[in-house]
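Me: I would like a close look at one part of this structure, the place where two of its chains meet. Please go through it step by step, in plain terms.

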Amino acid sequence: MSETLAPTPGQTIGPFFHDALPYDGGAFLVPAGTAGAVRLHGTVYDGSGAPVPDALLEVRQADPSGAAPRAEGSLRRDGRFTGWGRAATDASGRYAFTTVEPAGVDGGAAFFSVVVLARGLLDRLFTRAYLPGQSDAFLAGLPAAEAQTLRVVREDDGSLRFDVHLQGDRETVFLRYPRHER
Amino acid sequence: MDSQARITAEIAEAHAATPPGGAQPRIDFLPYRSSALRHPTKDLRHADPEGIELVAPVFGHSDVDPVEADLTIQHGGEPIGERMLLTGRVLDGDGRPVRHQLVEIWQANAGGRYIHKRDQHPAPIDPSFTGVGRCLTDGDGVYRFTTIKPGPYPWRNHLNAWRPAHIHFSLFGTEFTQRLVTQMYFPGDPLFALDPIYQSITDQAARDRLVATYDHDLTTHEWATGYRWDIVLTGTHATPLERDDHE
């Protein structure tokens, strides 16, 4: 590995991103009504249990065969599956994507990689949303209560719910990757 | 509301209590009041990135129209304010240019007002400026925008709180783990020392990396001033073989 350059620090996304980052179709990784389409949804909470109405989530995912999409076209979707989407939370702190369920890549567990941004949050955070029944060494290595925060819940209507707790008793496990300070 | 003196004292205390050399903001930085309930209190868990985390989303010319890089021509009239050219390179932590990747920006207008409905402070909206732009980096990792220099603006963190003028940036690398959202500032801003968001980065050298440089060679005769700001993303994890497969 060559010499590492000092990274540019992150800063909060602030309150004024809604005219810039969310876009029409951003939360629809597949069109509604697509065979196998599923809603991935949830609420973002702060440390008092109050919903966070000015958060932004991005998901990155494989397709149902476990392939990592490298197709362009996320901003002006034309039917290609790009495996990336973006959704702001609403006034109730809720977000929702319409997508398909990923398979694991290269035999790994199936999860959505999730980036969380919000006013009041000074840097972006990474987490994983594991599909029901999936596990791997990382998840198995966490205390049970922490692992639970990374598990997607299948609702009675078949949708997938993944709540994010920025702080508190049910605080979501957030990730740090090697070579990164955060 | 707390006074600026109180916030400034809290900033100094937080800096004194933080080991030197941190490259990233503290997320538990209470002088920024909104952060109090919105940061995790547990340590981040070490994870080896795998699979989808090692692959950034791909953007291309089907996503971004070249005119989106010029924020001064999108609304039929000339915006008020100092026209400026803003350019720089996006590099990964190993110094490689991040090629053909999406860069998104948003900002206040010259009067310090955002188009956003939540910004209600009494500065004028400019009908010729919404302050939103996108571009793709070129084959050398270079981005380039034409815009208007934003003004500082008041906010309600504390009494008489003013944000230094800044432009918000959203960036992707070659891996999703390199996702970066940040803010670029202007050299010599007198509000730097007072701003709890900027000062959440406790290391001066790291703070300096968010400040653009005035570049007279970029400035164009009777047209626009020029600023340069290079961006370094965090390091990659994929092996060179994995990377080369897809370049």
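Reply: This is a predicted model. The part to look at is the interface of chain A and chain B, and a count of charged pairs is a place to start: there are 9 salt bridges between chain A and chain B. On the chain A side, strands β2, β3, β5 (111–118), β6 (125–130) and β10 (175–176) each supply at least two residues to the side that touches chain B. Of these, β5(A) gives the largest share, 4 residues. Sorted by class, the side of chain A that touches chain B holds 38 nonpolar, 18 polar and 23 charged residues.

Next, the extent of the interface. In chain A, 79 residues are in contact with 86 residues of chain B. Together the two chains bury about 7,400 Å², and 56% of that area is on carbon and sulfur atoms. Polar contacts are present as well: 48 residue pairs across the interface of chain A and chain B are in polar contact. For the structure as a whole, a search over all chains finds 29 salt bridges.

Individual salt bridges come next. One of them links Asp54(A) to Arg38(B), with the closest N and O atoms 2.7 Å apart. This pair crosses between chains: Asp54(A) is in the loop between β1 (38–45) and β2 of chain A, and Arg38(B) is in the loop between α1 (4–16) and β1 of chain B. Are these two residues buried or exposed? Buried means under 20% relative accessible area. Asp54(A) has a relative accessible area of 1%, so it is buried. Arg38(B), at 7%, therefore counts as buried too.

A second salt bridge joins Arg179(B) and Glu58(A), where the closest N and O atoms are 2.6 Å apart. Arg179(B) lies in the loop between β8 (166–171) and β9 (180–185) of chain B, while Glu58(A) lies in strand β2 of chain A, so this pair also joins two chains. Arg179(B) is buried, with a relative accessible area of 1%. Glu58(A) is buried as well, at 0%.

Strand β2 (residues 55–60) of chain A runs antiparallel to β3(A), and 5 bridges join the two strands. Within that pairing, Glu58(A) has Arg86(A) as its bridge partner in β3(A). The side chains of Arg86(A) and Glu58(A) are also joined, by a polar contact of 2.9 Å. Arg86(A) has a relative accessibility of 2%, so it counts as buried.

The loop between β2 and β3 of chain A contains Ser74(A). Ser74(A) is buried, with a relative accessible area of 0%. Leaving out residues up to four places away in sequence, Ser74(A) touches Tyr23(A), Thr82(A) and Trp84(A), and also Phe59(B) and Asp63(B). Ser74(A) and Gly26(A) are 48 residues apart in sequence, but their C-alpha atoms are 7.3 Å apart in space.

For a salt bridge inside one chain, take Glu155(A) and Arg161(A), whose side chains meet at 3.2 Å, N to O. Glu155(A) is partly exposed, with a relative accessible area of 25%. Arg161(A) counts as partly exposed too, at 27%. Elsewhere, salt bridges that share partners join Asp54(A), Arg119(A), Arg38(B) and Arg118(B) into one network.

Note on methods. Residues are numbered from 1 along each chain as its sequence is written. Chains are lettered from A and ligands numbered from 1 in the order in which they are written. This is a predicted model: local features need pLDDT of at least 70, side-chain atom pairs count only at pLDDT 80 or more; totals for chains, interfaces and linings use all residues. Side-chain values use heavy atoms; hydrogens and water are left out. Two strands pair if DSSP finds at least two bridges between them. Contact means heavy atoms within 4.5 Å. Buried area is the accessible area (1.4 Å probe) that two parts lose on being put together, summed over both. A salt bridge is a side-chain nitrogen of Lys or Arg within 4 Å of a carboxyl oxygen of Asp or Glu. A polar contact is a pair of N or O atoms within 3.5 Å; within protein, one must be able to donate a hydrogen and the other to accept it, and residues adjacent in sequence count only if both atoms are side-chain atoms. Ala, Val, Leu, Ile, Met, Phe, Trp, Tyr, Cys and Pro count as nonpolar, Asp, Glu, Lys and Arg as charged, and the others, Gly among them, as polar. Buried means under 20% relative accessible area, exposed over 50%, partly exposed in between (1.4 Å probe, protein chains only).
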